[in-house]
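Thanks for coming. I will go through one structure this morning, starting with its disulfides and ending with its cores.

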Amino acid sequence: MVTQQGRMWASVFGATVFFAASTAAASNGTKPRIPVDWSDSACMNIVDRSTGTMRNIPYSIAQEDTDITDDEVADSRTHQFFAMCRARDPQTFLPRWITQADIDAANAVGAAPDDIDPEDVFETSTTWADCWHRITPDDERRPITFAAAGEGQDWDTSAVPAGTYTIEAYTWEPPLNIYSLHPGVYKIVDSPGLADSPPALGVSNTEEVINRNETATIHGCVSAMEGSTITAYWGRAASEVEWQPFIENDPVTGETFAVEFTPPESVVGESTMIRVDVTDPMGRSYTNYMRELVIVLGTDGPSDCEDGGGFIGGAGCEDDTGTGGEGSGTGEGSDTGATSNATTPGLDDGEDGGGNGCGCRSQGSTPAGIGLFGLLLLWRRRR
């Protein structure tokens with residue numbers, strides 16, 4: 001008897017073989033892509049242009065990648081940085097190509113699909129029109145070396161309107177180009193006064209795995225004038241997302257926030273996305289999202305721990321040493337035990353935090369490379 005799980009893995013294996021065959025024309029077709037490592041990045045980064053427009057964006061890499069083969073484009077295996085005028089949820093994807101010139105260059109060495117949708121190219125996308133801004137010029141993409149990463153990426157913020165931006169790091173290595181989303185935000189202002197600029201907010205959590213009778217603490221950083229409030233929503237990870245509020249008009253206190261999400265019965269055994277809005281007394285607002293999902297197991301914790309708990313090591317269970325198990329209720333990369341604005345741990349002053357930034361830091365690690373299986377899952381998710 002073929003189980004549902006067996007059919008799933010058969011499908012994944014079959015798709016893997018097809019995907020590998022369809023992308024292996026170039027010798028780098030299935031090799032891991034090297035993402036930018038943002039693990040030491042600050043959550044809130046405020047750039048006050050009244051004191052200067054240049055800002056350096058620090059980043060790192062897990063390993064170098066410079067051995068370009070003869071059948072790759074000349075500037076393959078490089079990084080490029082973009083500023084986006086709005087945040088995106090985990091189910092929203094960016095175009096995989098920047099310009100038609102990039103596609104032409106990849107086509108010349110057989111490293112581009114035959115038919116690329118205009119929405120999958122930044123310069124022709126209507127979804128992202130006027131929202132994307134180059135930090136790195138196309139002809140100055142950065143080599144994937146420790147020396148280049150050690151310099152950081154300089155950004156002349158005079159080229160963009162004042163506002164709040166997310167930063168995307170792009171790994172250019174066709175045919176499988178990838179993005180690495182910065183865990184925080186950059187707020188570009190022309191005056192240091194909080195009333196002189198709209199509010200900004202970053203969400204620090206990565207993936208959260210909880211039992212059905214547990215809560216997930218959603219926390220991050222905020223820059224907003226006194227009297228601002230936060231409203232947080234959950235939405236089932238489905239093709240059509242319906243956002244449901246679980247916290248409404250919660251007052252902002254200081255430069256961090258923390259709200260608790262208790263999953264409704266309707267999402268037990270499923271995954272949800274989290275959205276957080278901040279609104280100030282002048283009616284100005286900003287929306288951001290958890291970068292990954294909240295996975296709600298169909299188990300109770302910690303009473304189920306005797307028989308193994310959930311399928312990911314027993315979410316909410318303690319191991320023999322008394323510490324949280326691998327699948328504990330705070331996902332990898334999130335800070336543990338954040339319960340209030342005043343006591344949220346893991347939020348400290350970052351070297352790139354800016355004058356009013358909380359300096360929230362992501363504690364997760366970035367994988368050394370995005371390999372074929374990870375790219376396959378992402379490709380299937382985009383489909």
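Let me start with a bond: Cys43 and Cys221 are joined by a disulfide, with 1.9 Å from S to S. By disulfide I mean a pair of cysteine sulfur atoms within 2.5 Å. Before going on, note that this is a predicted model, in which local features need pLDDT of at least 70 and side-chain atom pairs count only at pLDDT 80 or more, while totals for chains, interfaces and linings use all residues. Residues are numbered from 1 along each chain as its sequence is written, and side-chain values use heavy atoms, with hydrogens and water left out.

Back to the bond. Helices (H or I, at least four residues) and strands (E, at least two) are DSSP runs, numbered from the N terminus. The torsion about the S-S bond is about -75 degrees, so this disulfide is left-handed. Cys43 is buried at 2% relative accessible area, and Cys221 is buried at 0%. Buried means under 20% relative accessible area, exposed means over 50%, and partly exposed is in between, using a 1.4 Å probe and protein chains only.

The structure holds 2 disulfides. The other pair is Cys85 and Cys131, with S to S at 2.1 Å. Its torsion is about -110 degrees, so it is left-handed. Cys85 is partly exposed at 32%, whereas Cys131 is buried at 1%.

Now to strand β10, residues 200-203. Which of its residues are buried? Ala200 and Gly202 on one side are, and so are Leu201 and Val203 on the other, which leaves both faces covered. β10 runs antiparallel to β12 (residues 216-223), and 4 bridges join them; two strands pair if DSSP finds at least two bridges between them. In that pairing Leu201 stands opposite Val222.

Leu201 also turns up in the largest nonpolar core, which has 32 residues; Leu201, Ile218, Ile274, Val276 and Val278 have the most contacts inside it. β12 gives the largest share of this core, 4 residues. A nonpolar core is a set of buried Ala, Val, Leu, Ile, Met, Phe, Trp, Tyr and Cys residues joined through side-chain atoms within 4.5 Å.
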